[in-house]
Amino acid sequence: MRSASTSLLELLPQPVTMPELETNFHPMLQELERMAADTFDSGEEAAQWLRRSHPMLDGAVPLQIAASPAGARRVTAILSAIKYGGVL
């Protein structure tokens, strides 16, 4: 179970190489964490969703896909669709 003090950065598969990350990666993860927590009923449910493979990401894990700016935008779009009932 994820504690309130656990950051999503700590949940990334290790090692994460720097070419995969941009300097603004940490703020993107914080925003995804906030969006996921706002979308789901609990922080634990949000953390689980971010760590599970997702069919709209061709079976990839949202947190791993979010390691790139384009991937983070895709995960954000899916979270918005879940929250607001949109279609992707």
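**Before starting**

Residues are numbered from 1 along each chain as its sequence is written. Because the model is predicted, local features need a pLDDT of at least 70 and side-chain atom pairs count only at pLDDT 80 or more, while totals for chains, interfaces and linings use all residues; side-chain values use heavy atoms, with hydrogens and water left out.

**Stop 1: confidence**

Colour the protein chain by pLDDT, the predictor's confidence in each residue, from 0 to 100. The chain averages a pLDDT of 79, and 68% of the residues score at least 70. Next, select residues 15–23, where pLDDT stays under 50. For this stretch the model has five contacts beyond four places in sequence, a contact being heavy atoms within 4.5 Å. Helices (H or I, at least four residues) and strands (E, at least two) are DSSP runs, numbered from the N terminus.

**Stop 2: the nonpolar core**

Select Leu32, Ala36, Phe40, Trp49, Val75 and Leu79. These are the residues with the most contacts inside the largest nonpolar core, which has 14 residues. A nonpolar core is a set of buried Ala, Val, Leu, Ile, Met, Phe, Trp, Tyr and Cys residues joined through side-chain atoms within 4.5 Å. Buried means under 20% relative accessible area, exposed means over 50%, and partly exposed lies in between (1.4 Å probe, protein chains only). Which helices each supply at least two residues of this core? They are helix H1 (25–39), helix H2 (43–51) and helix H4 (69–84).

**Stop 3: Phe40 and Trp49**

Keep Phe40 and Trp49 on display and look at their rings. Rings of Phe, Tyr and Trp (its six-membered ring) pair if their centres lie within 6.5 Å; planes under 30 degrees apart count as stacked, over 60 as edge-to-face and the rest as tilted. By this rule there is one aromatic pair. The ring centres of Phe40 and Trp49 are 5.7 Å apart and their planes stand at 35°, so the pair is tilted. Phe40 is buried, at 14% relative accessible area, and Trp49 is buried as well, at 8%.

Now show what surrounds Phe40. Apart from its neighbours within four places in sequence, Phe40 contacts Glu45, Ala46, Trp49, Leu79 and Ile82. Then move to Thr39, which is in helix H1. Thr39 is buried, with a relative accessible area of 17%. Beyond residues up to four places away in sequence, Thr39 touches Leu79, Ile82 and Lys83.

**Stop 4: one side of helix H2**

Select Ala46, Ala47, Trp49 and Leu50, the buried residues of H2. They cover an arc of only 160° around the axis, which puts them on the same side of H2; the arc is that of the directions from the helix axis to the C-beta atoms.

**Stop 5: salt bridges**

A salt bridge is a side-chain nitrogen of Lys or Arg within 4 Å of a carboxyl oxygen of Asp or Glu. How many salt bridges does the structure hold? It holds three.

- Select Glu31 and Arg34, whose side chains meet at 2.4 Å, N to O. Both lie in helix H1, three residues apart, about one turn of the helix. Glu31 is partly exposed at 36% relative accessibility, and Arg34 is partly exposed at 45%.
- Select Asp38 and Lys83, which meet at 2.1 Å, N to O. Asp38 lies in helix H1 and Lys83 in helix H4, so the pair ties together parts that are 45 residues apart in sequence. Asp38 is partly exposed at 43%, and Lys83 is partly exposed at 33%.
- Select Arg51 and Glu44, which meet at 3.8 Å, N to O. Arg51 is partly exposed, with a relative accessible area of 33%, and Glu44 is partly exposed at 22%.

An α-helix has 3.6 residues a turn, so residues three or four places apart point the same way.

**Stop 6**

Finally, select Asp58, in the loop between H2 and helix H3 (62–65). Is Asp58 buried or exposed? Asp58 is exposed, at 78% relative accessibility. Its phi is near 55°, a positive value in a residue other than glycine. Most residues other than glycine have a negative phi.
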